[in-house]
Amino acid sequence: FTSFSQDVNWENYSEKDGVIIKKGMIDCNGNELLTFKITNKNKQRSVVSWYEEVWVDGVCKQDGKSSEYFRELTLDPNESIEGSCSFQRSFYIGSKVKRGNKVMILTSFSLNNISVEIEK
């Protein structure tokens with residue numbers, strides 16, 4: 001069992017209703033992935049949701065509108081989840097991904113309609 005941590009330069013992406021979303025790049029097996037650190041600063045559990053819009057090589061791969069691209073995460077009070085190469089409970093978008101001889105490059109992305117529901 002080998003464990004390693006990566007130094008991630010987290011940048012603010014969005015803040016809404018006590019939930020902070022930061023973005024950062026990680027390297028997983030030679031592929032660059034854009035991942036997220038999501039922190040619930042509330043004193044209650046919070047459900048965070050959004051739709052991913054992703055463009056790769058100038059082509060829309062996820063439209064950020066349909067239920068297929070809907071993402072949801074429940075966070076306990078003061079809990080923080082961040083992406084890692086284990087891919088457990090994390091969200092990521094390929095930024096520079098090799099598939100055979102082709103390298104696919106992320107053109108742009110957006111987390112659309114970010115919603116925070118604070119449990120009573």
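Predicted model: local features only at pLDDT ≥ 70, side-chain atom pairs only at ≥ 80, totals over all residues.
View 1. Read from the N terminus, the order of elements is β-β-β-β-β-β-β-β-β. The radius of gyration is 15 Å, close to the 14 Å given by the globule rule for 120 residues, so the chain is as compact as a globular protein of that length. Along the principal axes, the C-alpha atoms fill a box of roughly 50 × 40 × 25 Å.

View 2. Take the contacts between residues with a separation of 6 or more: 59% of them join residues 24 or more positions apart. Of the 120 residues, 38% count as buried. The chain exposes about 7,600 Å², and carbon and sulfur atoms supply 44% of that area. There are 16 positive and 17 negative charges, and their mean positions lie 2 Å apart.

**View 3. The largest nonpolar core has 19 residues.** Which residues touch the most other members of this core? They are Ile-21, Phe-36, Ile-38, Trp-50, Ile-93, Phe-109 and Leu-111. Strands S2 (19-28), S3 (31-40), S4 (46-56), S6 (70-75) and S9 (102-118) each give two or more residues to the core. The largest share, 5 residues, comes from S9. In soluble globular proteins, nonpolar side chains tend to be buried together.

View 4. Leaving out residues up to four places away in sequence, Ile-93 touches Leu-33, Leu-34, Phe-36, Glu-52, Val-54, Leu-106 and Phe-109. A second, separate core has 6 residues. Among them are Ile-26, Cys-28, Leu-33 and Val-97.

**View 5. Lys-37 in strand S3.** Is Lys-37 buried or partly exposed? Its relative accessibility is 23%, so Lys-37 counts as partly exposed; the buried class stops under 20%. Not counting residues up to four places away in sequence, Lys-37 touches Trp-10, Ile-20, Ile-21, Lys-22, Ser-80, Ile-81 and Glu-82. Gly-64 is 27 residues from Lys-37 along the chain, and their C-alpha atoms are separated by 20 Å.

**View 6. Trp-55 in strand S4.** Trp-55 has 31% relative accessibility, so this residue counts as partly exposed. Its contacts, with residues up to four places away in sequence left out, are Cys-60, Lys-61, Ile-105, Leu-106, Thr-107 and Ser-108. How far apart in space are Trp-55 and Ser-110? From C-alpha to C-alpha, Trp-55 and Ser-110 are 9.1 Å apart, while 55 residues separate them in sequence.

**View 7. Asp-17 in the loop between strands S1 (11-16) and S2.** Asp-17 is not a glycine, yet its phi is positive, at about 50 degrees. Its relative accessible area is 46%, so Asp-17 is partly exposed.

**View 8. Asn-29 in the loop between S2 and S3.** What is the phi of Asn-29? The angle is near 55 degrees, a positive value in a residue other than glycine. Asn-29 has 79% relative accessibility, so this residue counts as exposed. The cut-off for that class is over 50%.

Notes
Residues numbered from 1 in each chain as written. Heavy atoms only, no water. Helix = DSSP H or I, 4+ residues; strand = E, 2+ residues; numbered from the N terminus. Rg over C-alpha atoms; globule rule 2.2 N^0.38 Å. Buried < 20%, exposed > 50% of the residue type's maximum accessible area, 1.4 Å probe, protein only. Contact = heavy atoms within 4.5 Å. Areas by Shrake-Rupley, 256 points an atom, 1.4 Å probe, with all protein chains shown as cover. Lys, Arg positive; Asp, Glu negative; His and termini not counted. Charge placed at Lys NZ, Arg CZ, Asp CG, Glu CD. Core = buried A, V, L, I, M, F, W, Y, C linked by side-chain atoms within 4.5 Å.
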